[in-house]
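Subject: Structure handover and notes

Dear colleague,

Here is the structure that I promised to pass on to you. Please open it beside this message, so that you can look up each residue as you read.

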Amino acid sequence: MTSPSRSRSWQKLSTHYQQLHSTPVTIASLFAADPSRFTRFSVTSGEVFLDYSKNLLNDETRSLLLELAEESGLREAIAAMFRGDVINGTEARPALHVALRTPLPSATLKVGDEVQSTLNKMEEFVARVHQGNWTGYTGKSIRTVINIGIGGSDLGPAMVTEALRHLHVPQLSTCFVSNVDPVHMRQTLAHADPQTTLFIIASKTFTTLETLQNAAMARRWYQDNGGDVAQISRHFVAVTANVPKAEAFGIDAANVFPMWDWVGGRYSLWSAIGLPVALAIGMHGFRDLLHGARLMDEHFRDAPFEQNIPVLMGLLAVWYSNFGGASSQAILPYSQSLHLFPAFLQQLEMESLGKSVEVDGSPVQVATGPVVWGSAGTNGQHSFHQLLHQGVHLIPADFIGVLTSVHAADSNQHTHLLANCFSQSQALMQGKSEEEAYQELLKQGRDETSARALAKHKVIAGNKPSNTIMLQTLSAQNLGSLIAIYEHKVYVESVIWHINAFDQWGVELGKQLSEKLYGALTADAACSTFDGSTNGLINHCRK
């Protein structure tokens, strides 16, 4: 397979980027030259709006990026995913996360039957818990749900549960434990009652070390605090593909919800991994989440590339990573409810795109997988936004806003939040010249000499690119659409870069090594098996 950097469209884009910078063209100047720029560089899909006009691109840039998409075979790659073709080559699997919310052709009809059966099982279970018919060993209704998982079995459902807190059913409290650090579990259990607590153990293989350690601690806590061992199955359910392992733990096979090889962990939110979400907001809310993702699936599959939100965002990411030299991406949700969204995207994007070989095994010839980071606005404005504005790095930013507050009484304060969101993207684009800073200082009463000296420190270069995504409301449906945008954006990037977005062999290495190191840490003799540093650390701890 030919490296993307050798394609005709790639070469044209490289030349075009140099031309833009030799002029130089600024984002602000593009707006000055085109009064209709905002309209022409924005897209709507349902209740999701993308403004990508504050990017360093013109009509030619967009045309060349769309040409790159066509030359890279993106159209066929999208069709292949929705057909259920094997697109995860290293594991010889399809990537059928879209089948969890969008009916696929008859070739994957069996998958559709499995999905529907699981949704029905989830619905029945959620109804029993909500109605008080699923009780603990003393007959009391469940009041606390603790999800035990890690990675894709934690980040997705935790993020969604937190984002949709305003939709939670009042009778349940939902918590998440992921870190093998026992402090995480102990802090969570401190507020729980073993008579009214339900644990969900989420692990595809039921062998994940962190999850099993935490599950064992939860079981010990249950037994040590009067829990009836014979009734343990009323307090533990599982989401796994390994039913025998779950049964050996003490979970009734009837209370095991399936996971499938054709859904990767970071794409599994839409499956039974979302059980804690359904318990928190109700099954109707979970189905709304699925519906929102389905709407974005259909948009991604059917919309022309020039009006396709995930395609445009993926192409812009390639534009800055490979032609602008950007090595990171800031995610800035101006919604406290979405404060876990950057962490969720860290796994989705960096686990999917952190690859150094192409799909045929040859070394990549271009940069892949930028570092993803960020936090909720306005907090970031008082910390890392300084680097965004005056630092020397090119860091494209995605601003995410919600038009309507979930609480009508807070509409005025919410308007301040939106004003901050829009002003930050404006400031990144516009900046402040030395002359502007100088004139401001003179008006403040500074003398000319000190004003000239200080003005140099107040210069903000501007011309920093950003997207702004606006949701009409933070509903389950709109959140589903937002998540699906980024899932498909990642796929677009992987197709352009000729890498597999659906494996994660780098994650496996650490798991393998940790078992060996645990043995060394608990051995009687001094360790000399590993490298000098690792041996030294182990022996230092053993002292």
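This is a predicted model: local features need pLDDT of at least 70, side-chain atom pairs count only at pLDDT 80 or more; totals for chains, interfaces and linings use all residues.

Residues are numbered from 1 along each chain as its sequence is written, and side-chain values use heavy atoms, with hydrogens and water left out.

I begin with the cores. A nonpolar core is a set of buried Ala, Val, Leu, Ile, Met, Phe, Trp, Tyr and Cys residues joined through side-chain atoms within 4.5 Å, where buried means under 20% relative accessible area, exposed means over 50%, and partly exposed lies in between (1.4 Å probe, protein chains only). The largest such core has 117 residues, and those with the most contacts inside it are L279, F341, L479 and Y486. Its largest share, 13 residues, comes from helix α19 (residues 476-497); helices here are DSSP runs of H or I with at least four residues, and strands are runs of E with at least two, numbered from the N terminus. Leaving out residues up to four places away in sequence, F341 touches M159, I331, I400, L482, I483 and Y486, a contact being heavy atoms within 4.5 Å. A second, separate core of 21 residues includes V177, I201, Y222 and F236.

Next come the helices. The axes of helix α1 (residues 8-22) and helix α13 (residues 309-323) come within 11 Å and cross at roughly 75°, which makes α1 roughly perpendicular to α13 (under 35 degrees counts as roughly parallel, over 145 as roughly antiparallel, 65 to 115 as roughly perpendicular and the rest as oblique). These axes are lines fitted to C-alpha atoms, for helices over the stretch in contact, and the angles run from 0 to 180 degrees between N-to-C directions. On the α1 side, W10, L13, S14, H16, Y17 and L20 meet V318, W319, N322 and F323 in α13.

In helix α8 (residues 182-189), M185, T188 and L189 are buried. Seen down the axis, the buried residues of α8 fall within an arc of 95°, so they line one face of the helix; the arc is that of the directions from the helix axis to the C-beta atoms. R186 and Q187, on the other side of α8, are exposed. The buried residues of α8 pack against β5 (144-148), β6 (173-177), β7 (197-202) and α9 (209-224).

In helix α5 (residues 74-83), the buried residues are L74, A77, I78, A80, M81 and F82, and their cover includes α4 (59-71), β3 (86-88), α12 (283-302), α13 and α19. After α5 comes G84, whose phi is positive, near 90°.

Two single residues remain. M217 lies in helix α9 and is buried, with a relative accessible area of 11%. Apart from its neighbours within four places in sequence, M217 is in contact with P182, M185 and R186; M217 and R186 are 31 residues apart in sequence and 8.8 Å apart in space, C-alpha to C-alpha. S481 has its place in helix α19 and is buried as well, with a relative accessible area of 5%. Not counting residues up to four places away in sequence, S481 touches V48, G292, A293, L295 and M296.

With best wishes
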